Amino acid sequence: MGMLRIISNRGDERLRWNEQDVLAGDAEALAAIREAERIFARERARGATAFRVEAGKPVERLEQFDAQVSQIVMVPRVVGG
Amino acid sequence: MNMATLVGVLIVVLLPLSLWAFITESYHKRPGAKRRAGELLRAVLTAEQYGQLIQQGYLDIPSPSDPERVYRVPRSPGQVQVREKGHVTKWLCLQPFERVPDADLVVIHKLMIEADEQTYLQKANSITPIAVSLSNDPV
């Protein structure tokens with residue numbers, strides 16, 4: 001399972017997809033991936049930064065959507081306080 | 001100014017302010033937002049980091065580039081301490097453009113420091129304590 005989490009003032013919004021179903025050509029799974037890609041691109045355009053967050057691995061910045069990543073966390077635009 | 005005018009002015013000024021404060025407060029205290037932020041925090045921190053945050057009220061994040069530097073992130077909104085050899089050398093202030101639950105702030109600091117320390121330092125406003133600043137001045 002993959003998950004996109006977008007941090008916002010409502011906590012974090014989550015979108016999940018099943019990679020196995022995507023590979024099997026399942027229409028719902030493909031639609032979920034397309035939606036995740038669309039939201040990823042929209043948030044990036046708003047200045048958000050994406051991170052690959054997976055257990056046991058160092059956190060990495062993610063420039064492009066990757067459906068193979070089990071958890072992507074998007075952080076809203078930040079400024080010096 | 002008579003009493004009726006004064007009351008009218010107060011209503012016009014105070015009512016929108018009270019409404020705004022109520023909306024902001026209830027928005028920020030949404031149980032769903034806080035719960036989700038808490039879940040994300042647990043998912044992102046190791047058990048050890050989570051324990052430190054709960055017990056000590058802050059999270060120490062080692063610098064990926066400097067083994068002697070640690071970023072001390074408070075559990076509640078506030079400045080992040082930059083500590084080197086156990087001493088505070090700087091305070092950093094960085095915040096998201098939109099208001100987010102407190103637990104999400106900790107997540108934001110952790111992810112940025114660990115994955116993109118240079119951008120984090122570029123974006124944050126920094127304050128150097130006077131004692132550190134004086135000790136670094138040429139004699």
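The accessible surface of chain A comes to about 4,200 Å², and 46% of that area belongs to carbon and sulfur atoms. Chain B exposes about 8,700 Å², with carbon and sulfur atoms supplying 60%. Accessible areas come from the Shrake-Rupley method with a 1.4 Å probe, and for residues only the protein chains shown count as cover. This is a predicted model, in which local features need pLDDT of at least 70 and side-chain atom pairs count only at pLDDT 80 or more, while totals for chains, interfaces and linings use all residues. Residues are numbered from 1 along each chain as its sequence is written, chains are lettered from A and ligands numbered from 1 in the order in which they are written, and side-chain values use heavy atoms, with hydrogens and water left out.

Chain A has two helices and six strands, in the sequence pattern β-β-α-α-β-β-β-β. Helices (H or I, at least four residues) and strands (E, at least two) are DSSP runs, numbered from the N terminus. The radius of gyration of chain A is 13 Å, close to the 12 Å that the globule rule gives for 81 residues, so chain A is as compact as a globular protein of that length. That radius is taken over C-alpha atoms, and the rule is 2.2 Å times the number of residues to the power 0.38. Along the principal axes, the C-alpha atoms of chain A fill a box of roughly 45 × 30 × 20 Å. Of the 81 residues of chain A, 46% count as buried; buried means under 20% relative accessible area, exposed over 50%, and partly exposed in between (1.4 Å probe, protein chains only).

Five strands of chain A form an open sheet in the order E2-E1-E5-E3-E4, with mixed pairing. Two strands pair if DSSP finds at least two bridges between them. The edge strands, each pairing on one side only, are E2 (11–17) and E4 (60–62) of chain A. From one strand to the next the twist averages 30°. Strand E1 (residues 2–8) of chain A pairs with E2(A) in the antiparallel sense over seven bridges, and Ile6(A) has Glu13(A) in E2(A) as its bridge partner.

Chain B packs against this sheet. H2(B) lies across E1, E2 and E5 of chain A and runs at about 65° to E2(A). H4(B) touches E1, E2, strand E3 (49–52), E4 and E5 of chain A, and its direction makes about 115° with that of E1(A). Axes are lines fitted to C-alpha atoms, for helices over the stretch in contact, and angles run from 0 to 180 degrees between N-to-C directions.

In soluble globular proteins, nonpolar side chains tend to be buried together. Here the largest nonpolar core has 32 residues, and those with the most contacts inside it are Ile7(A), Tyr71(B), Leu111(B) and Tyr120(B). A nonpolar core is a set of buried Ala, Val, Leu, Ile, Met, Phe, Trp, Tyr and Cys residues joined through side-chain atoms within 4.5 Å. Among the elements that give two or more residues to this core are strand E5 (71–75) of chain A and helix H2 (31–44) of chain B. H4(B) gives the most, with eight residues. Beyond its neighbours within four places in sequence, Ile7(A) is in contact (heavy atoms within 4.5 Å) with residues including Val73(A), Leu40(B), Val107(B) and Ile108(B). A second, separate core of 18 residues includes Ile6(A), Ala36(A), Leu62(A) and Val69(A).

Ala32(A) lies in helix H2 (residues 27–45) of chain A and, at 19% relative accessibility, counts as buried. Leaving aside neighbours within four places in sequence, Ala32(A) is in contact with Leu15(A), Arg16(A) and Trp17(A).

Chain B has six helices and five strands, and 31% of its 139 residues count as buried. E1(B) and E2(B) form a hairpin with six residues between them; these strands run antiparallel and are joined by five bridges. Asp60(B) stands opposite Arg72(B) in E2(B). In a regular strand the side chains alternate between the two faces of the sheet. E1(B) has a covered face, Leu59(B) and Ile61(B), and an uncovered one, Tyr58(B), Asp60(B) and Pro62(B).

Lys85(B) is found in the loop between E3 and E4 of chain B. Most residues other than glycine have a negative phi, whereas Lys85(B) has a positive phi of about 50°. At 64% relative accessibility, Lys85(B) counts as exposed.
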